[in-house]
Amino acid sequence: MNYSNKSLFIVSFLLLTLFLAFFWVMQNSTFINTVQKDVLVYMNSSWQGFNSQRAYAIYYTLLFLLFMNLGLRKEEPSFVVLHKSRTDFYVKRSVHILMSAFWFSLSISIINILLTIIFIEHSLLMKERFYLITFLNEISIFFFFSWIGILEKIIEDKIHSYVLGVIVTFILISSTYFLRDYLPWLPIKDIRLYEGFLTKTWDIYDALFVYLKQLGLLIAILILGHIIFKEKDIIFYEK
């Protein structure tokens with residue numbers, strides 16, 4: 001990652017984790033310490049709670065974009081020309097985005113496991129395969145945030161504005177939450193692995209299908225982003 005120093009990354013990751021912990025408690029305050037049979041489903045459903053589609057489309061998307069861009073240097077001509085080619089720079093920038101998506105999705109998974117263990121018995125978590133489901137969900141949201149990060153850079157490359165890039169991307173992704181009932185498929189609809197597995201309506205093949213769709217979308221956006229970046233007016237940033 002392109003963080004100027006390790007301490008910046010550590011501080012930003014800790015702040016991210018603290019916010020997610022606070023958000024987890026706020027979202028699950030009505031469910032913790034209950035004896036409801038389906039408490040895990042309620043705490044991780046796609047329609048409410050810490051892993052709801054609304055949380056991912058609205059709250060986590062904005063948080064991720066800020067976390068991702070914190071470690072990216074401004075693309076000034078003097079910095080870009082230090083690389084062998086535009087492709088070399090684009091690859092390194094994309095790797096940073098993928099690493100940001102990894103750490104972000106890992107933070108969500110860690111918080112969900114650690115705080116769930118406090119309130120739910122370990123035996124129940126093992127019986128419901130909660131740890132395995134968390135791992136499978138992490139793969140899904142890694143792809144999800146990866147293509148969102150690449151998309152933000154595509155928009156930024158076209159309009160030459162980091163702030164507008166974040167705002168436009170946030171509006172696009174958050175709007176998918178409100179449009180999900182009106183279109184046959186949107187990426188946000190795939191964010192329901194917890195619910196699918198905990199209710200026993202999904203199996204591993206459903207998860208693999210989600211991965212294929214999200215990975216395919218990521219690859220397509222990566223290719224599009226490379227094409228747009230090669231045509232980008234780098235000198236614009238000197239103005």
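**Aromatic pairs and the core**

Analyst: Phe-143 and Tyr-211 are both buried. Buried means under 20% relative accessible area, exposed over 50%, partly exposed in between (1.4 Å probe, protein chains only). This is a predicted model: local features need pLDDT of at least 70, side-chain atom pairs count only at pLDDT 80 or more, and totals for chains, interfaces and linings use all residues. Residues are numbered from 1 along each chain as its sequence is written, and side-chain values use heavy atoms, with hydrogens and water left out.

User: How do you know that Phe-23 is buried or exposed?

Analyst: Its relative accessible area is 9%. The cut-off for buried is under 20%. So Phe-23 is buried.

User: What about Tyr-60: buried or exposed?

Analyst: Tyr-60 has 0% relative accessibility, so Tyr-60 counts as buried.

User: How many aromatic pairs does a search of the whole structure find?

Analyst: The search finds 26. Rings of Phe, Tyr and Trp (its six-membered ring) pair if their centres lie within 6.5 Å; planes under 30 degrees apart count as stacked, over 60 as edge-to-face and the rest as tilted.

User: What makes the pair of Phe-23 and Tyr-60 stacked, tilted or edge-to-face?

Analyst: The ring centres of Phe-23 and Tyr-60 are 5.6 Å apart, and the planes stand at 70°, so the pair is edge-to-face.
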